[in-house]
Amino acid sequence: MDLVADIRTMLNDFGVSATLTDVSASTSTTVKGIFSNESEEVDVGDIQVEGTEPHFNCVYDDVSQAVENDTLLIGSTTYKIAGAIKKDIPGYEAILILKNS
């Protein structure tokens, strides 16, 4: 089995379905991925602030045409893609950094 097939198997077992919408073409597709929205504390001067950076890991080919401000519906929450798609070193996995729409 190749690496992409292995990743897809893992995502089918442990991932969530999300609806990716190309806002310029008004088209949608379903993609599987791992969603994370963990919070972390960061220091801002003398104050600690809690923030989140939601992101979605998936197979790169499934989202290669996505661009900033396209949307990803996960559960009942819609997120906008916040910047360029980050691709891992071998190029099989993508990381979408999201922001609340």
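How many positive and how many negative side chains does the protein have, and how far apart do the centres of the two sets lie? I counted Lys and Arg as positive and Asp and Glu as negative, leaving out His and the chain ends. I placed each charge at NZ of Lys, CZ of Arg, CG of Asp or CD of Glu. There are 6 positive and 17 negative side chains, and the two centres are 8 Å apart.

I noted that this is a predicted model, in which local features need pLDDT of at least 70, side-chain atom pairs count only at pLDDT 80 or more, and totals for chains, interfaces and linings use all residues. Residues are numbered from 1 along each chain as its sequence is written, and side-chain values use heavy atoms, without hydrogens and water.

Next I looked up the secondary structure, taken as DSSP runs numbered from the N terminus (helices: H or I, at least four residues; strands: E, at least two). I found two helices and nine strands, in the order α-β-β-β-β-β-α-β-β-β-β.

I then turned to one hairpin. Strand β3 (residues 39-44) runs antiparallel to β4 and is joined to β4 by six bridges; pairing requires at least two DSSP bridges. Asp43 stands opposite Gln48 in β4. Two residues lie between the strands, and Gly45 in the turn has a positive phi of about 65°.

Lastly I checked burial (buried: under 20% relative accessible area, with a 1.4 Å probe and protein chains only). Of the 101 residues of the protein, 31% count as buried. In β4 (residues 47-52) the number buried is zero out of six, so this strand lies largely in the open.

Terms used: Buried < 20%, exposed > 50% of the residue type's maximum accessible area, 1.4 Å probe, protein only.
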